[in-house]
Amino acid sequence: MNLLITADYRELSQAAGQLVAQALLHDPDAVLALPTGETPKGMYEALIRLYQEGLVDFSRATAFNLDEYLDIPPDHPQSFSAYMRRYLWDHVNLAKDKVHIPASLPEDPEAECIRYEELIRKSGGINLAVLGIGENGHIAFNEPGTLWETPTHVAVLSQETREREAQAFGRLEHVPTHAITMGIKTIMRARRVLLLASGEEKAGILARALSGPITIDVPASILQLHPNLTVVADRAAARGLAG
Ligand code: GLP
């Protein structure tokens, strides 16, 4: 594991943006898996800046989102597709037919999971998966208890995850109960993983994920077994890590 500890969120965002840009410079056809959440917003900003400066080109890249809520329309302001339009898609030259996110209103959610997993496979697999970490250790929407072998699947959101989103959705009852998420197996197959963590509220779970036992109770702990993991954490999030 490569661990990069930055002074603050701004530096973390710049470092993460540069790592993604490097991946695209090295391989313009790279297949990326991309996260949502608060943490990657600064990384997307950094990437947009690099794009505007002509330093990075997305035209040949493929981007898969890690996950999407179920049962809300794609233009719902809290949908992950709305998030991605706002923070990345509308601002860089990603080709429309190479941007993928699970459908939020699929006729058959199970079939949508199979379609998504197959699309990832057909695109040659993920070169770089960028991940955040939930306070309960989830990666994408792989909640505690998810089996290691799961491909893209319908996930039941934990109470904790839904409570965290209650404010954004107005009230708890409006937060979706399910999502489609890349599975742990899908993520572990990525050739490289970049895990981002910021802020003191992530310090405890980051330490458990990276130095505690590998257990399905902390889904991110499986990343200890990934052969090419880079962790970028700001000082506040890295407080519990040795070195
Ligand atoms: C969300 C997403 C994850 C994300 C995590 C942490 O629910 N499904 O992909 O990494 O929670 O989010 P944040 O960066 O806002 O702390």
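Which side chain does a polar contact of 2.6 Å join to that of Thr-152? Read on through these points to find out.

1. **Before you start.** This is a predicted model, in which local features need pLDDT of at least 70 and side-chain atom pairs count only at pLDDT 80 or more, while totals for chains, interfaces and linings use all residues. Residues are numbered from 1 along each chain as its sequence is written, and side-chain values use heavy atoms, with hydrogens and water left out.

2. **Thr-152.** The partner is Glu-117: the two side chains are joined by a polar contact of 2.6 Å. A polar contact is a pair of N or O atoms within 3.5 Å; within protein, one must be able to donate a hydrogen and the other to accept it, and residues adjacent in sequence count only if both atoms are side-chain atoms. You will find Thr-152 in the loop between β6 and β7. Helices (H or I, at least four residues) and strands (E, at least two) are DSSP runs, numbered from the N terminus. Thr-152 counts as buried, at 6% relative accessibility; buried means under 20% relative accessible area, exposed over 50%, and partly exposed in between (1.4 Å probe, protein chains only). Not counting residues up to four places away in sequence, Thr-152 touches several residues, including Cys-113, Tyr-116 and Ile-180, where contact means heavy atoms within 4.5 Å.

3. **The three-stranded sheet.** Strands β4, β8 and β7 form an open sheet in the order β4-β8-β7, with antiparallel pairing. Two strands pair if DSSP finds at least two bridges between them. Both β4 and β7 (153–156) stand at the edges with a single partner strand each, so one side of each has no neighbour in the sheet. Three bridges join β4 to β8 (residues 178–181), and Tyr-69 stands opposite Ala-179 in β8.

4. **Aromatic pairs.** Rings of Phe, Tyr and Trp (its six-membered ring) pair if their centres lie within 6.5 Å; planes under 30 degrees apart count as stacked, over 60 as edge-to-face and the rest as tilted. By this rule there are eight aromatic pairs. In one of them, the ring centres of Tyr-69 and Phe-80 are 4.6 Å apart and the planes are at 40°, so the pair is tilted. Tyr-69 lies in β4 (residues 67–69) and Phe-80 in helix α3 (residues 80–87), so the pair ties together parts that are 11 residues apart in sequence. Both residues, Tyr-69 and Phe-80, are buried. Ring pairs also link Tyr-69 and Phe-80 with Phe-141 and Phe-169 into a cluster.

5. Tyr-83 and Tyr-87 both lie in α3, four residues apart, about one turn of the helix. Is each buried or partly exposed? Tyr-83 counts as buried at 8% relative accessibility, whereas Tyr-87 is partly exposed at 23%.

6. **Strand β6.** Here Leu-128 and Val-130 point one way, Ala-129 and Leu-131 point the other way, and all are buried. β6 pairs in the parallel sense with β2 over two bridges and with β9 over four bridges. Ala-129 is the bridge partner of Ala-33, and Leu-194 in β9 is that of Val-130.

7. **Helix α1.** The buried residues of α1, among them Leu-12, Ala-16 and Val-20, pack against several elements, including β1 (2–6), β2 (31–34) and α2 (41–52). At the start of α1, a side-chain oxygen of Asp-8 reaches to within 3.3 Å of the backbone nitrogen of Arg-10.
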